[in-house]
Every structure is written in structure tokens, then in C-alpha cells.
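These notes are meant for a colleague who is opening this model for the first time. Please read them with the structure in view.

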Amino acid sequence: MSTMLAAPLSIVVPMFNEQENVAPLVDRVHEALAQYNGAWELLLVDDGSSDATVARARKARESYGTHVRPIPLTRNFGQTAAMQAGIDLARGEVIVTMDGDLQNDPIDIPRMVDRLLREDLDLVAGWRRDRKDNLWVRKVPSWLANRLIRRLTGVNLHDYGCSLKVFRAEVIKGVRLYGEMHRFIPAWLATQTAPSRIAEEVVTHHPRTAGTSKYGLSRTFRVVIDLLSVYFFMRFSARPAHFFGLLGTGFGLLGGLGMFYLLIEKLLGHDIGDRPLLLVSILFVLIAVQILTTGVLSEMLSRTYYESRNVRTYHLPVRFDAEGEHDAFLEPGGTSPAKTNTEGDR
């Protein structure tokens, strides 16, 4: 560990109804980073849990110190928004994201951070090569989704769904996450940095031992829908008129050719009033006009999007902004000011 590179580190963990996993997670993170050479903090982002997740996160803060930062969102906004909240509030030069269900193992974090810094990368993504999940419900849909995502995005990673990822803060903070786009962070990151600066690392994966999974087969359909959005934004976010222009031109060309053919027929003395081709050609021309108009509107919306990127997808309690002003990192080999002797409570 002493030879590894280190930097101020922020670990972001979105949590939703994971009360049984809070204390074991915090313990494992401290064990994994006990010899870490840099300062670090742990952000436990509660995504509107209905159980005691927030209370246990605050108890962990009392036990370990102010480097453990509970971040309670006002309601359930979804994993992507919770992850974005943690990234926005992270203060480290390197940001780690991971799930709060203890299936990701914090022991992999120092190795991944070291690789990120040593190889001058912007992202090191986890690869659950020996995944401990149900074959048909989790593994097979994930395998299909990963192949489809690789094909459409051009970012060749084996495991897009693994939440354990290590980022350079300056890069990931330039990406805004919406909807359920946390699965596609490497693809979004590829719009900010070169794919050669994105790597993957085989990580440990454990079966879930407490709590219940928040995912099922229904997420496969959401992935497909989100992937269409990712593909559009990766290819046409700065030039949507090109996308709609191509479609509009195609319909306009077909409609124009049909109208030109009917014009020739009319000049030759044939009756075209009851020809189905007339209605189809008119319809295609109208569709072309609508699509081209949509392209112009999309171009205007695109400019608005790029000029208003400070809009948040989540809300924090009013009192929270001042609550974390004096939070401190846990320095290597040091003791946090709020550290208390509560070993028996854990």
C-alpha cells in the first residue's frame, strides 16, 4: 500500500432502504482504506428511504467522524439523482461510486485508484467477471444489455452495470446525469474524454446477504429506452438538426418523387384524383415539413440545454447546506475529531 499513488478521495454510496447494510458497509470501507495514503471521505446518499437508513448513517458519523457524511434527499428521486447528488457534493480529486448493498467490495478501491492515477486515466470501471447473481433474472439480461451498449456507444467495457467505478472529479463533474442514466456513465464520459482514458478492472462481487434487490427484469426495457437517448445525445446532442434533417429529407424526397410521377401522369392525360399514391405523397411531404420543423426546435432546445447545465435533478433539505460546512476528511493515520469509542454499538 505504501507504494501506491493516492489523492484526496470521495466515496459516493447511494442507498435506499439499506438499514441492515449501513454499519457493515462503513466498517468495510474503513478496513479497506486503513492504509490509504491520502485523505478521504464517505458520502452516504439516502434516496428517500422509508426505514432507518438515515438514522444509522448518522450514527456511523458519530462513531467514526465527520468524514462520514450522511446526505438525506427529501424523497426518492432514483439512483441516478442520488449518485449525482453525491458527485456534486464530493470534495475529493478522485471520486468512487459503489452500491450500498455490500455486493461491491471496498477492498478493490485502493487498487483501482492507484491504477487511475498511475496510468493517468479518467475512469476505471469495475468488471464483475465472477458475478454472484441470479442467472436468468440478472446475468443474462445484463450480458445482452452490455453487448448492445458496447455496439451502439463504441465504449468497449464488459460490465456497464457495475456501480463500482473510479473517476477523476474534474471529468465526472462535467457530466450531468438524468433519468436512469447511471448505467451509461462510461458512454457519457466518452463525450468528455477519449475512450483510451477509460479502462476496466476485475473486481470482487458478493451475493446480497441483507435487504432486498431494487432491480428486476423490468429494468431491461428501461435500459433499451435509455440507450436510445444515450445514442442520440452521443451522436447528435450538439447538432440535433442533422438527425431530424436526415429523416425529414428522406420523407420529403419520397413524397417529392411521388408528386413528380403524378405530375407526369397528369400531363399525359391520366386521372390522378383517386390514386392512393397522391395521398401517400402528400402525407410524406407533410411529415417532412413537421420533422424539419422539429429539427429547428431541437436545435434551439439544444442551445438552451448547454446554457442551463446547473439545473439539479434532486433537492436537499434547507438546513443541510450549512450542516456539512465543517466536515473533515479522515487524514491517514489520524483520528477524526468526532471519533468516539462506540465499538460495542457496532
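1. Helix H2 is followed by Gly65, whose phi is positive, near 130 degrees. Helices here are DSSP runs of H or I with at least four residues, numbered from the N terminus. This is a predicted model, in which local features need pLDDT of at least 70 and side-chain atom pairs count only at pLDDT 80 or more, while totals for chains, interfaces and linings use all residues. Residues are numbered from 1 along each chain as its sequence is written, and side-chain values use heavy atoms, with hydrogens and water left out.

2. H2 covers residues 53–64, and because its 12 residues at 1.5 Å a residue should span 16 Å, the 16 Å between its end C-alpha atoms agrees; the expected span is 1.5 Å times one less than the number of residues. Its buried residues (under 20% relative accessible area, with a 1.4 Å probe and protein chains only) are Thr53, Val54, Ala57, Ala60, Arg61, Ser63 and Tyr64.

3. Helix H1, residues 19–32, packs with H2 at an angle of about 30 degrees, their axes being 8 Å apart. The two helices are therefore roughly parallel to each other, a term for angles under 35 degrees. The contact (heavy atoms within 4.5 Å) is made by Gln19, Glu20, Val22, Val26, Asp27 and His30 of H1, together with Thr53, Arg56, Ala57, Ala60 and Tyr64 of H2.

Methods. Buried < 20%, exposed > 50% of the residue type's maximum accessible area, 1.4 Å probe, protein only. Axes fitted to C-alpha atoms, helices over the stretch in contact; angles between N-to-C directions. Parallel < 35°, antiparallel > 145°, perpendicular 65-115°, else oblique.
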